[in-house]
Every structure is written in structure tokens, then in C-alpha cells.
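Let's take a friendly walk through this structure, from ring pairs to cores and then to a sheet. Keep the 3D view open as you read.

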Amino acid sequence: MSSETLDVDARFVEVVRGMSRTAGEGGGTAPDRLPPERLLRLFDAQLGSRHLDLAARWMQARGRGYYTIGSSGHEGNVAVADALRPTDPALLHYRSGAFYLGRAAQVPGHDGLRDVLMGVAASAREPISGGRHKVFGHPALHVLPQTSTIASHLPRAVGVAFSIERAKKLGVATPWPTDAVAVCSFGDASVNHSTAVGALNAAMQATFQGLPMPVLFVCEDNGIGISVRTPKGWVEANYAHRPGLAYFAADGCDLADAVQVAGRAAAHVRRRRSPAFLHLRTVRLLGHAGSDVESAYRTPAEIRAELDHDPLLRTAQLVVDAGILTPEEVVATYEAKREQVRAIALEVLTHPTLTSRAEVVAPLQPGSDHRPAREDAVSAASPERRGEVFGGRLPEDEGPLTLAQSINRALADVLAGHREAIVLGEDVGRKGGVYGVTRGLATKVGRARVFDTLLDEQTILGLSLGAGVAGLLPIPEIQYLAYLHNAEDQLRGEAASLPFFANRQYLNPMVVRIASFAYQKGFGGHFHNDSSVAVLRDIPGLVIAVPARPDDAPAMLRTCVAAAQVEGRVCAFLEPIALYHTKDLHEEGDGQWLAPYREPDAWRQAEAPLGRGRTHGEGADLTIVSFGNGVHMSLRVAKRLEARGVRSRVLDLRWLAPLPVEDLLREANATGRVLVVDETRQTGGVGEGVVDALRRGRYAGSLTVVAGADSYVPLGDAANLVLVSEDEIEQAARDLVVAGDRGQAPNGVRTGTASPLAAPRP
């Protein structure tokens with residue numbers, strides 16, 4: 001063991017042996033506040049947490065332990081568990097080990113020590129992640145797993161608290177009692193993170209507006225983040241006097257004080273249904289983690305000062321002062337806990353670990369056995385309910401609709417058929433969305449189900465994350481794709497990772513609608529014409545849908561809703577802004593980009609199955625593969641090519657993840673010439689994935705990619721210099737066909753403006 005470990009461990013025994021009963025300094029009155037049985041139960045959780053840290057380092061030294069960020073010095077957080085009920089949802093900081101053990105002790109039949117040690121050993125039998133990570137989590141304990149979080153779980157915690165109340169209002173059952181409170185713990189360094197600032201702000205503003213928000217924020221303040229010190233007094237100065245946020249401060253090294261103050265904080269949240277900030281002052285012992293050398297940035301005097309505030313020593317003194325145990329009995333209890341933990345550690349080291357890629361990724365790949373249930377989930381509301389929502393005039397009776405109108409009607413149908421569904425985001429309520437896509441929905445189903453949020457994408461997604469685990473079906477809107485990027489970790493690090501780290505025991509279904517891509521007329525600039533989807537494409541398990549046509553969008557939306565509802569999937573629904581109100585395809589007034597709405601019962605046969613494309617045309621000379629705006633441009637080009645004798649077909653991918661590989665290979669091999677039209681970017685664009693899928697599928701024909709430039713989109717006509725154009729598509733298509741006629745097989749990527757047209761095909 002390291003010298004720091006030996007110092008903490010040996011010092012506890014040495015100091016306790018020298019203890020005697022005292023009066024004053026809290027020792028005389030604390031036993032009256034903490035009955036002996038309760039005091040011993042909490043002390044047991046503290047001792048267990050300390051020995052878990054020691055065992056983790058012992059296991060690591062033998063090459064069989066894989067996580068050494070510990071809770072030593074933070075054991076006072078057991079007081080928070082004691083103040084709450086085991087049915088209160090908890091999202092825990094990685095130093096909340098004593099809280100976890102305290103919660104486990106509240107539920108008969110649970111062994112928190114074994115849970116944690118199995119996580120340290122990456123045991124495949126570990127009850128929450130199945131050996132994928134060491135996390136505090138268990139469904140029966142209502143502890144949602146978090147992974148080395150730096151406050152990224154706080155927006156979800158706010159969402160959980162919000163959803164406890166909103167689900168109650170909507171009559172939707174949650175996994176928790178209606179008077180439950182959400183609790184989340186985090187470190188003092190984390191309060192500076194944008195997710196913490198945003199989550200706390202959202203909770204405070206909700207309270208300011210009179211909305212219930214039963215969340216307890218617990219800041220475990222040890223004064224340092226790895227090696228960076230938090231300015232003394234900063235946390236208190238920042239949060240002691242904030243509107244809508246009750247502030248409670250406790251000495252986390254003094255169990256009696258922590259229990260008393262945590263009890264008051266929890267009672268405040270539960271009774272008033274409003275947020276509280278519990279500032280729990282702690283110390284950090286044993287460094288940041290096993291690999292951390294504290295002496296590199298802390299003086300010996302600073303380290304000794306931390307040891308003097310060891311919470312286990314303070315609790316041991318309470319036990320001795322109360323006459324419950326003698327000092328020697330405390331030492332014996334401490335050593336007995338060591339032996340108990342060591343025995344469990346030796347046992348879990350014999351457990352199997354994950355041994356195949358298939359085992360590791362299984363939680364990210366829901367099986368095909370869910371397909372019948374998914375199709376059932378696509379069924380519509382009753383005719384009576386649809387009549388109520390649509391006011392007597394059903395959308396299938398309206399006539400041809402635009403893309404925006406078809407999505408609007410599909411959202412209304414989802415809301416009519418699923419009372420747990422909610423639509424939320426910036427301007428989605430009263431205004432009906434910047435492009436009118438949610439217009440009228442709040443009037444149809446009520447403002448409790450379609451509502452405006454703060455102008456903060458982290459909050460929008462955090463609310464949705466909490467809603468998903470609470471039993472609601474959130475459909476958040478991100479106003480523009482470029483706005484997603486400042487909150488993207490809420491999808492990557494929280495939403496998509498939860499099934500993985502919870503082994504699908506926790507899921508957060510959602511369908512995130514995002515106004516996306518470029519080609520807007522008269523409304524330019526990067527932030528409103530962003531085509532960067534690379535950040536989404538590599539998120540494991542994320543479904544990415546791109547509806548181009550109004551006859552596809554409703555079916556695709558309902559497929560996403562069903563995948564979310566039945567399989568807990570997280571779906572990104574990217575809506576091409578430039579096609580929202582498009583009516584025509586080839587010439588003005590032809591109305592060929594309009595389509596009638598089909599009633600939901602027609603979708604029970606999965607008209608737009610997950611990961612299946614749609615082919616337009618049967619030409620044998622060329623296959624054009626595209627999505628979004630590229631479909632509209634490619635179909636226009638295909639008609640012009642036909643006039644020159646080139647017969648083509650256009651495959652609309654529809655799904656960027658999972659890609660429709662089967663359809664792609666079939667259509668590619670049908671012509672032997674493939675032109676990929678990718679409106680994103682050359683580097684990291686969708687075209688890269690399409691080309692890779694073709695190569696993996698042993699496609700041997702000709703292949704060319706036309707992609708947007710590696711550039712942001714400028715204002716005005718300059719945008720045309722970096723976006724894919726119809727002329728460029730047509731030129732690439734003709735070059736590909738001409739080269740094929742000459743026995744050549746050009747393969748490459750084109751960007752920029754179109755080159756001079758090749759001679760017409762004979």
C-alpha cells in the first residue's frame with residue numbers, strides 16, 4: 001500500500017486506542033441526538049466505505065482492481081441517505097460510497113459492500129453495469145448509475161424532480177412515490193461546470209415561477225478538485241443567498257451535525273416541493289485516486305490537517321462518548337469490517353468478467369424480439385380521442401401536406417395516443433415553434449404536455465433525461481442543429497450511455513427533434529444552416545432519422561416513438577429546415593413535394609422500419625444515394641439525366657444510424673455505379689459511413705462521393721460555394737456514367753463548385 005494509505009489506516013487505529021470519553025465539543029449531547037442503534041448503523045456504513053477504498057487499492061496492487069477513486073473523508077454523506085427514504089431516486093457523486101451503503105442497509109437483502117467490490121473487479125455479476133464500469137447503482141435501491149460525473153448528471157436530476165410532479169399531474173405512474181424527492185451529489189469543483197450552473201438555475205427558476213421542483217442538491221465540498229483548490233468560501237458565497245434555493249450547511253466530518261442538518265434539508269424539499277442546497281463540508285483522504293501523488297501539490301502540513309478531520313475518528317469519538325463501545329471495541333469493529341470486506345474481495349476476484357465484444361455491446365443493441373411489441377406501439381389512439389385532439393377534422397382528410405405540416409399532425413397523433421408523451425423546448429408552446437411545426441399542439445392537449453423551456457439546451461435535454469427514467473415519453477425540440485453542440489454530452493455521456501452502464505435496467509427513452517441542415521433561402525449563417533452530424537454518428541446506440549418527404553416523416557416519427565417506448569431507445573430526428581415548407585419538386589406549382597397524411601393504423605406494418613431506406617425509380621444506369629435535402633436535389637437531377645438518356649434510381653437512406661446497409665448494397669449492385677450525395681462535410685460526413693458500408697459489403701462497382709466543403713456556412717450567396725449543388729451532382733453523375741461506358745471506374749470525393757459539364761452521353 002502507498003504511504004498515504006498506511007497513514008490513514010494506521011492512524012485511525014492509533015488515535016482510537018488513545019481515546020477516552022469526553023464531554024463538550026459536541027460529545028456530551030450528540031448521543032442524545034443519535035440513538036445508539038442509529039449511530040452504530042451509520043458508523044457501520046462509514047467503516048464499510050473506508051474499507052472499500054482500502055480494498056480497492058489492495059485489489060489494484062494485485063492487478064485485479066480497476067477503480068480507486070474513493071470516498072475517504074466523505075463518509076459523512078451517509079447522513080444524507082439516513083435523511084431520505086430508500087424510494088427517493090438518487091444520482092450519486094463518485095465519492096458517495098457511504099451514502100450507497102447506507103441506502104443498501106435500508107433495503108433488506110442487499111449487500112452494498114458486495115455490489116461495490118464487484119464493480120471494482122469488473123465482475124460480470126455486478127448488479128448494475130454487469131462489469132462495464134464501477135458505478136453506484138441499483139434499481140431496487142433507486143440509485144441511478146453515474147460514471148465519473150463532473151456535474152453532467154445534475155440536469156437529469158432536475159428532470160427527475162420535475163417529472164415526479166408532472167407525471168403526477170398527468171396521471172402517469174413513475175417508479176417512485178408521488179411525494180418522493182430526487183437527490184444528487186457532486187463535488188465543490190463541479191459547481192463551476194456549466195451543467196451544474198444550468199441545472200441549479202433551472203431549478204431556481206422553476207421555483208420562482210411556482211412550479212414544484214423537489215430536488216436536493218448535495219455539494220460534498222472537500223476544497224479541491226484533483227489538485228486545483230476551490231477558493232475558500234466560494235461555494236457558500238455563491239449559493240447561500242439564491243432566489244428559490246434553500247441553503248443548508250453542515251460539517252460532513254461531524255456525523256451528528258450532518259444528520260441533523262441533512263434531515264432539515266430533506267424535510268424542506270419533501271414538504272415544500274422546492275429545491276435545497278446542502279453544503280456538506282468534507283475532507284479528501286487518500287488523494288484523488290490510487291494513481292494520485294498528493295505530495296506533488298500538497299504540503300505535509302496540509303495533508304496532516306486533513307487527517308485531523310477524519311470523519312471516522314469523529315464518529316468513533318461519538319460512539320465512545322455515548323458509552324456504546326470502548327476504544328478497543330471500536331478498533332475490533334474496524335478490524336472486523338476489514339476482514340469482512342477482504343473476504344468479499346477475495347470472492348469477487350473469482351467471478352467471471354466480460355470476455356467477448358458481443359457481451360460488452362449487448363445493452364446497446366436491443367434484440368429483434370422487440371419487433372412485434374414495437375409494431376403494436378405504432379397503433380393509433382381511438383377514433384374518439386383523435387377526434388377530440390384534432391377538433392373533428394382528421395389530418396388524413398386535409399389533403400396534401402408539407403413536411404412541417406405532416407410532422408405537426410404526427411406529433412398530435414402521438415400525443416393523442418400516448419398520454420405519457422410530452423413535447424418541450426424553446427418556443428414550442430405559445431409560438432408553435434420557429435417554423436410552426438408545433439403550432440396548435442399546446443391548445444390541443446394542454447400546456448402541461450406541450451410547454452416552453454429555458455433557452456438552454458442542456459436543460460432541455462436534462463429535463464428529457466429525467467422524464468424518460470420517470471416513465472414519461474419526452475419529445476424535446478432543439479431549435480437548430482448548431483445549438484445542440486453546447487449540450488451534446490447530455491446525449492453522449494448521459495442518454496446513450498445509461499443503457500450501457502445500467503445493463504438496460506435503466507433506460508431513458510426520448511425522441512429529440514432537431515431543425516437541421518442548410519439551404520434556407522434568405523436566412524443564412526452558420527448557426528441556422530449547420531450540417532455537422534459527425535458528433536452524433538459515433539454515439540453508440542443512438543438512432544438518427546432524417547425524414548425528407550412528408551409521406552415518410554409521420555411514419556418515421558412514429559417508428560422512433562415506438563423504439564423509444566418499447567426499447568428505451570434515444571432517437572435524434574433531424575428535420576431538414578429547407579424542406580419544411582417546400583411544395584414543389586421539378587417546377588413551380590407541381591406540388592410533388594406534398595403528400596396526404598396516412599392514418600396511424602396504416603403504420604402497423606412498419607411502413608418506415610428502423611434502418612430501412614426508400615428507393616425512388618428503377619433506373620439501371622446509376623444509383624444515387626442521399627438523404628435530407630440531397631434527396632430533393634437528387635430527384636431533380638435524376639429527371640434531367642433521364643432527358644439525356646441516363647436512367648437512375650435514388651435511394652433515400654432515411655436513417656443515418658442504423659444505416660440501411662441491406663438496401664444500400666442491393667441498390668448499389670443493381671447498377672454497379674454509385675453516386676453518394678452528402679450535404680454534410682467531406683471530413684466526418686455521412687458519405688464516409690456509406691462508403692465504408694459499401695466496401696464492407698464487398699461492393700465492387702464504381703463509386704463517387706459529392707460532399708459539402710469542410711467549412712462553416714457563410715451568409716448570402718457565398719453559402720453556395722461550400723454547399724453541394726445540383727450542377728455538381730449532375731456533373732458527377734454524368735462523369736461516373738461516361739467513365740463506366742469507357743470501362744473506367746472513377747472513385748473519389750468531390751467538393752466545391754461544379755466542373756465543366758462532360759459531353760452528353762451518346
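A search of the whole structure finds 11 aromatic pairs. Rings of Phe, Tyr and Trp (its six-membered ring) count as a pair if their centres lie within 6.5 Å; planes under 30 degrees apart are called stacked, over 60 edge-to-face, and the rest tilted. Two of these pairs are set out below.

| Ring pair | Centre to centre | Angle between planes | Type |
|---|---|---|---|
| Tyr-480 and Tyr-483 | 5.2 Å | 75 degrees | edge-to-face |
| Phe-500 and Phe-501 | 5.0 Å | 85 degrees | edge-to-face |

Before going further, please note that this is a predicted model, in which local features need pLDDT of at least 70 and side-chain atom pairs count only at pLDDT 80 or more, while totals for chains, interfaces and linings use all residues. Residues are numbered from 1 along each chain as its sequence is written, and side-chain values use heavy atoms, with hydrogens and water left out.

How covered are these rings? Here, buried means under 20% relative accessible area, exposed means over 50%, and partly exposed is in between (1.4 Å probe, protein chains only). Tyr-480 has 3% relative accessibility, so Tyr-480 counts as buried. Tyr-483 counts as partly exposed because its relative accessibility is 23%. Phe-500 and Phe-501 are both buried.

A charge sits over a ring if NZ of Lys or CZ of Arg is within 6 Å of the ring centre and within 35 degrees of the ring normal. Arg-342 has its charged end over the ring of Trp-58, 4.3 Å from the centre, and Arg-166 lies over the face of Phe-451, 5.1 Å from the ring centre.

Next come the nonpolar cores, meaning sets of buried Ala, Val, Leu, Ile, Met, Phe, Trp, Tyr and Cys residues joined through side-chain atoms within 4.5 Å. The largest one has 79 residues, and Phe-12 and Val-80 have the most contacts inside it. Helix α3 (residues 36-61) gives the most to this core, with 11 residues. Helices (H or I, at least four residues) and strands (E, at least two) are DSSP runs, numbered from the N terminus. Where does Phe-12 make contact, leaving aside its neighbours within four places in sequence? Its partners include Phe-43, Leu-47, Leu-312 and Val-330, with contact meaning heavy atoms within 4.5 Å. A second, separate core has 74 residues, among them Ala-421, Leu-675, Val-677 and Val-713.

Finally, look at the sheet. Six strands form an open sheet with parallel pairing, in the order β2-β1-β3-β4-β8-β7. Its edge strands, β2 (143-144) and β7 (246-251), each pair on one side only. Two strands pair if DSSP finds at least two bridges between them. Strands β3 (residues 182-187) and β4 (residues 215-221) run parallel and are joined by six bridges, with Phe-186 facing its bridge partner Cys-219 in β4. Cys-219 in turn has His-279 as its bridge partner in β8, and six bridges join β4 to β8. Six bridges also pair β7 with β8 in the parallel sense, and Phe-248 stands opposite Leu-278 in β8. In β8, five of the six residues are buried.
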